[in-house]
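Here's a quick briefing to read with the model open beside you. Have a look at the chain below, then work through the notes by topic.

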Amino acid sequence: MKDQIQWIAKALPKKTPLPVLNHINIENGRATAYNGEVALSVPVEIGFTARVEGARFADAIKKADGKIAIAQL
């Protein structure tokens, strides 16, 4: 999952007045990032829908060691 999330994080804009563009959308087993021009989407093993702040999520995934498990609380 690390490689997939790091790859789609490249679609996140550096600056934007629209907060929605700073987020990664996780839905139906896919994670998608969109910068207003290009969308990148990858399959992920996450069984729930979420919108997460993209840069923080990608950074947390990058720093994780071993197998990554994500749960909805």
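In the hairpin of E1 and E2, two residues sit between the strands, and Asn 28 takes a positive phi near 50 degrees there. Asn 28 does this although it is not a glycine. Keep in mind that this is a predicted model, where local features need pLDDT of at least 70 and side-chain atom pairs count only at pLDDT 80 or more, while totals for chains, interfaces and linings use all residues. Residues are numbered from 1 along each chain as its sequence is written, and side-chain values use heavy atoms, with hydrogens and water left out.

**The hairpin and its strands**

- Asn 28 belongs to the loop between E1 and E2; strands here are DSSP runs of E with at least two residues, helices are runs of H or I with at least four, and both are numbered from the N terminus.
- At 72% relative accessibility, Asn 28 counts as exposed; the cut-offs are over 50% for exposed, under 20% for buried and partly exposed in between, using a 1.4 Å probe and protein chains only.
- E1 (residues 23-27) and E2 (residues 30-34) run antiparallel, joined by four bridges; for strands to count as paired, DSSP has to find at least two bridges between them.
- Within that pairing, Glu 27 stands opposite Arg 30 in E2.
- E1 also pairs with E4 (residues 50-53), again in the antiparallel sense and over four bridges.
- On that side, Ile 24 faces Val 52 of E4.
- E1 has two faces: Ile 24 and Ile 26 make up the covered one, whereas His 23, Asn 25 and Glu 27 make up the uncovered one.

**Phe 57 in helix H2**

- Phe 57 is part of H2, which covers residues 54-63.
- With a relative accessible area of 14%, Phe 57 is buried.
- Leaving aside neighbours within four places in sequence, Phe 57 is in contact with Ile 5, Ile 24, Ile 26, Val 52 and Ile 70; contact means heavy atoms within 4.5 Å.
- Ile 24 and Ile 26 in that list are the covered-face residues of E1.
- Phe 57 and Gln 6 are 51 residues apart in sequence, yet their C-alpha atoms are 9.6 Å apart in space.

- Asn 22 lies in the loop between helix H1 (2-9) and E1.
- Its relative accessible area is 25%, so Asn 22 is partly exposed.
- Leaving aside neighbours within four places in sequence, Asn 22 is in contact with Leu 12, Pro 13, Thr 16, Val 52, Glu 53, Gly 54 and Ala 55.
- Asn 22 and Leu 12 are 10 residues apart along the chain, and 5.9 Å separates their C-alpha atoms.

**The whole chain**

- The protein has two helices and four strands, running α-β-β-β-β-α from the N terminus on.
- Along its principal axes, the C-alpha trace spans about 35 × 25 × 20 Å.
- Buried residues account for 32% of the 73.
- Of the contacts between residues at least 6 apart in sequence, 50% join residues at least 24 apart.
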